[in-house]
Each structure stands twice: as structure tokens, then as C-alpha cells.
Amino acid sequence: MPTRSPGGGTAPAPRKAPDGTRADRIADAALSLLAERGLRGLTHRAVDEAAGLPQGSTSNHARTRLALLRTVVRRQAERESPLLAPPAGPDTAALRPEDLVEALAYALHQYLTGHRPLLVARYELALEATRRPELREIYDEAGRGFRDPLVALMRRLGSPEPERHALSLVAWCDGLMFSCIAGSYHASVPSTDELRRGVAELFAGMGLEGFTGT
């Protein structure tokens, strides 16, 4: 049952801590709080309660608010990596265009339908990074873990401008996800088929060999 918070609001009942290391439990609880309450609701005490840990556990792991935010940014990237990482490795060269389109459309659909709180937390962190230069550095470092593989993927696909095309792909995906989570399309997630056609049209517009906008 919900309990009354010290400030008079309704706080969710403490959750059972998930499996994993204590650091992961703290970071995962903080991500959930970001989605539920926003940055104003992210406190060390609230994270302890949400993670089902003794009071003081979060402070011992991340003594300052900045340290806690940095922990959360890293965990966000870890959680997103298996969802959004592009195909990599030697097999990528043999990947058919239609298979790549299918993989990206499926990944986007799974993220939008199965991990909405994680996306909300991402936008909370992105906005905070614009206000805190000390957080911007670690946020950008995490972002490079996604951007650099995309640039490499575009290069393998034969793009004459892999940096620009990677930016176009990121901008398209980010814009779509924001619109479907927090924007005017939040009530209607595109189907996998609609996403597939959108990705195909994007790649075809880049002039990449083998891609058609159908």
C-alpha cells in the first residue's frame, strides 16, 4: 500500500530489491524513481526505500547527488545497450538490408512498448545534463558508446558520409521515441510494420545500396 511521504505526498510502497549487485540495485531503483517522480523526487533516502535497502546504503555508494546522477547515467547506458545497440561484428557485412531494417524496427518497437519508464528516465537525465556541465561529460561519454558503433555501421553499409548519416539515424530514432513517450503521439505507438517502413525510407533517402523505401 502507498505511504505518506515526509512532505505530505503519497509515496509508493518499498519494492523488493531485484537480484544483482547492490550498486545495480541502487542504480535501477534510481532510474525507476526518475520515471515516477522526476529529478525532484530523486533523493538518497528515496532510493534506499525503493531498492529495499537499509537507510544510508545509497549515500555509502554515491555520497553526493552528482555521484548518484553519474551512477544512474552509466546504468541507463548499460540497460539501453542490449535494446538499441546496432548489429556489430564480422557478420554485419553479410547482413541483408531487409534484415537490418527489420532488426532496427523491432528494437524500436520493443523499447517503446516494453521499456517506457527507461525512456522517461533518459529524458530526465538529458535535460539535467544541459544544466550541469559536470554531468554533461559522463552523459556524452555514455552517448559515444551508441554513436560510434552507428558511424561504423554506416561506413560498412557504404555511406559516403557515415558521420552525417549516423546523426540522421539517431535524430530520427530519438525524435520518434520522444514523440511516442512524451510528445503528441504518446497514446499511439507505431506498429512494427510502420516502423519498418520508416526505417527503410530513411535508409533509401540516404542513397545506401540495397535499401528501398517500401
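This is a predicted model: local features need pLDDT of at least 70, side-chain atom pairs count only at pLDDT 80 or more; totals for chains, interfaces and linings use all residues.

Trainee: Which residues in H1 meet which residues in H4?

Mentor: Residues are numbered from 1 along each chain as its sequence is written, and side-chain values use heavy atoms, with hydrogens and water left out. Helices (H or I, at least four residues) are DSSP runs numbered from the N terminus, and contact means heavy atoms within 4.5 Å. In this case, Asp24, Ile26, Ala27, Asp28, Ala30, Leu31 and Leu34 of H1 meet Leu68, Thr71, Val72, Arg75, Gln76, Glu78 and Arg79 of H4.

Trainee: At what angle do H1 and H4 pack?

Mentor: Axes are lines fitted to C-alpha atoms, for helices over the stretch in contact, and angles run from 0 to 180 degrees between N-to-C directions. The angle between H1 and H4 is about 90 degrees, and their axes are 9 Å apart. The two helices are therefore roughly perpendicular (65 to 115 degrees).

Trainee: Is arginine 75 buried or exposed?

Mentor: Buried means under 20% relative accessible area, exposed over 50%, and partly exposed in between, with a 1.4 Å probe and protein chains only. Arginine 75, which lies in helix H4, has a relative accessible area of 16%, so this residue is buried. Leaving aside neighbours within four places in sequence, arginine 75 is in contact with Asp24, Ala27, Asp28 and Leu31.

Trainee: How many aromatic pairs does a search of the whole structure find?

Mentor: A pair of aromatic rings is described by the distance of the centres and the angle of the planes. Rings of Phe, Tyr and Trp (its six-membered ring) pair if their centres lie within 6.5 Å; planes under 30 degrees apart count as stacked, over 60 as edge-to-face and the rest as tilted. The search finds two pairs. Tyrosine 123 and phenylalanine 178 have ring centres 5.2 Å apart and planes at 75 degrees, so they form an edge-to-face pair. This pair links helix H6 with helix H8, across 55 residues. Tyrosine 123 is buried at 14% relative accessibility, whereas phenylalanine 178 is partly exposed at 40%. For phenylalanine 203 and phenylalanine 211, the centres are 4.8 Å apart and the planes at 45 degrees, so that pair is tilted. Phenylalanine 203 is buried at 0%, and phenylalanine 211 is buried at 9%.

Conventions. Angles under 35 degrees count as roughly parallel, over 145 as roughly antiparallel, 65 to 115 as roughly perpendicular and the rest as oblique.
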